Amino acid sequence: MQEKVLRILEFDKVRRRLAEYAGSALGKELAMAIRPSVRPEEVNIWQAETTEAKALCQQAAQAPLGGIFDLRETIKAAKIGRVLPAEDFLSIGSTLRTARLLNKFFFAREESVVLKSLAGRLVLFPELEEEIERTIGPEGTVNDDATPTLRVLRAQIKTMQNRIKDKLESITRSGEHQKYLQDALVTIRNNRYVIPVKQEYKSLFPGIVHDQSASGATLFIEPMAVVEMNNQLRKAEAEAEEEVFRILTRLSALVGAVATEIEEDLEILARLDLAFAKAKLSLACRGTEPVINDRGSIRLIEARHPLLEGEVVPIDLTIGEDFHILVITGPNTGGKTVALKTVGLFVLLAQAGLHLPARSGSEISIFHGVYADIGDEQSIEQSLSTFSSHMTNIVSILKEAEDEKCLVLLDELGAGTDPTEGATLAIAILKSLHQKGVRTVATTHYNDLKIFAYNTPGVQNASVEFDPQTLKPTYRLMIGVPGQSNALAIVGRLGLDPEIIAEAKRLIEPGTRRVEEMIERIVTEKRVLEEERRDATSLRVRLQKEEAEYRAELARLKAERSRMLAEAKREAEDLVRETRREMENLLRELREAAPEKQTAVLNTARRKTAELLDKLVEPQTAPAGEWHGPLSPGMKVFLSHLDQDGEVLEVGEDAVHVQVGALRVWVPKEKITSAAPAGEEKPGTGRRTGQGKTGYGKLVRDKAQTISAELDLRGLTVDDALAATDKYLDEALLAGLPSVRLIHGKGTGALRSAIGDYLKKHKQVKNARWGEAGEGGMGVTVVEF
């Protein structure tokens, strides 16, 4: 692609806007250097990178891109053996850390196939990163603990500095010396501790003069009493500097040893930064990933030029399927050139891996060459007229554009010369491109080109719509409709004498007049059809939306039904298990009871059995009513609370002993709804009309009576304990308990921490605290709902 074409189609402006979204200098540089590719596999990978990064941005998944630095010169210096300054290692450590975090970020993201593969190529240096962090402080200096030697030297330096300061401060505070001093302070000159002495007392104050004030009134003297101490300090500082140099030399060597791998990491980090910059640009312009084809066809749906601001009228445009040359006509400032540039720019954007500000489903082919003659390229230096300048450019285009893999954009083709010659020349140029199969979009004012497009297979008319009522263009592009002249309509609305307008119409050639009338009819019919199509599309979209809502609601109801059935089944199974345990306990108590206590145990067992059976079955239909007739052994009865038939064995004062299948139970008389004498079938009144089912409301009441206010989790693993806690809290909420106790023990604290983290996220938990001294202390968590 020629740089001139990129500039004409304003691709460079898009690059500058893209660079603003990059977070690093490397990413910005890569954004400014981005160019369209002619390799389909490369374009598809770039588009996938943009799409995956955009999906992560939409999910609010923040990729850790901060902390990427341009280390190319630094790494190059380390590579050739130079010693890097301490502050450079801050940038190196930050960049290595970002590479590690990005690798970890994408490791668990199976949906980001391309970006995960790219991040997976990052070479990680955790040992080097750790060594830099241990050695270099946040201010960009070597830490005291970088080596034992440096730690000792810096400790000595601090001690010496304090001794020197103490000595000098004792001098400045001395009444004997204060009159000699300009100020009672200790300062530093030439890395030596000094005090300010008045010029006139120089001879009375023995020491070494290191500096003087600008006025000469003050001398900065190092008293003889601290000269040797300063010498020792400078020696220690020099040794510390040598040790720092050795440390930086070692670190620089470590970086230099992996310089090639770090340089490769920098390229990958820049590419990842660019991918997210492209994603942010796509979100900003409401872009979509185009479909890439190799047929030489373009299909733009509701395309918007990305550099236009305000209310942008989208255009629909196709080329390369039924026709490969599109001739756009229409009034000036109507949007012809914008449409032309939109086509060319969209091709460049797609081939550079950028999303298009258009509706999903737009298609772009890979073109090996994009050529454009747009705008006034007149050159005063070359003494070329506008026409000559355009033709020079077009001659070059005709030589290079050879087949359907080339896209040519021609603005105002044939303009700038005699209309007749210009029109015939324009037709000849389009015929030449047509014969080669070159995809071409051209704008023009010439009627002859409209007729050429109408009569030539593979060439199609298009126009930008103009509203004669408002005298303004609508900027809508209409494929298949040639543009019409609106000059007379415009001047009529501007107030020109109608007789002049009528005379102008009479002077128009009959053939031209008929063409204009035909175009007007076509435009009117197309406008009507377009409105009907929009209405139909709107209706279809609304119906599709309603259908989707109904389907979603149906799916939700089915899911809810499945959930309720599964819950009911689980509750029924739990109740059956509970009942079985209770029955086993009753039988065991009965067997173990002493003979004199068996009656009491038996009555308790009868009561509990009736209660449990009452829990198990809840009839679907209400009973016909209580049986008030006489009861005697052998009678057939219907038990309403069990929804079962039975036979009377014994009649008590308030209860009846009934055989129900293999089970004998005492039943309150009010539970019997029908009866018949022995040997007869009992009446049908009170018979059930459907299968019994578990009573959910009754389960809730029973749960409140049976659930404990504490749960013992000791001895369980963390996963088992969390699962048990989740189920127990649901049951406690169902039972309406205001608070419960979770017993997890003290131990290592792992189970207590896991329970605490779980409770923080539970929406129904109002407060969770450790137990008081009398509640179990740290071995218990008290939960309030």
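## His-355 and its polar partners

The side chain of His-355 forms a polar contact of 3.0 Å with the side chain of Thr-51; such a contact is a pair of N or O atoms within 3.5 Å, and within protein one must be able to donate a hydrogen and the other to accept it, while residues adjacent in sequence count only if both atoms are side-chain atoms. A second polar contact, of 2.8 Å, links the His-355 side chain to that of Ser-282.

This is a predicted model, in which local features need pLDDT of at least 70 and side-chain atom pairs count only at pLDDT 80 or more, whereas totals for chains, interfaces and linings use all residues. Residues are numbered from 1 along each chain as its sequence is written, and side-chain values use heavy atoms, with hydrogens and water left out.

His-355 lies in the loop between helix H13 (336-351) and strand S9 (363-365); helices (H or I, at least four residues) and strands (E, at least two) are DSSP runs numbered from the N terminus. His-355 counts as buried because its relative accessible area is 7%, the limit being under 20% (1.4 Å probe, protein chains only).

## The nonpolar cores

The largest nonpolar core has 66 residues, and Phe-89, Phe-106, Val-142 and Leu-272 have the most contacts inside it. Such a core is a set of buried Ala, Val, Leu, Ile, Met, Phe, Trp, Tyr and Cys residues joined through side-chain atoms within 4.5 Å. Helix H12 (residues 259-284) gives the most to this core, with 10 residues. Another core, of 47 residues, lies apart from it and includes Val-5 and Leu-348.

Note on methods. Buried means under 20% relative accessible area, exposed over 50%, partly exposed in between (1.4 Å probe, protein chains only).
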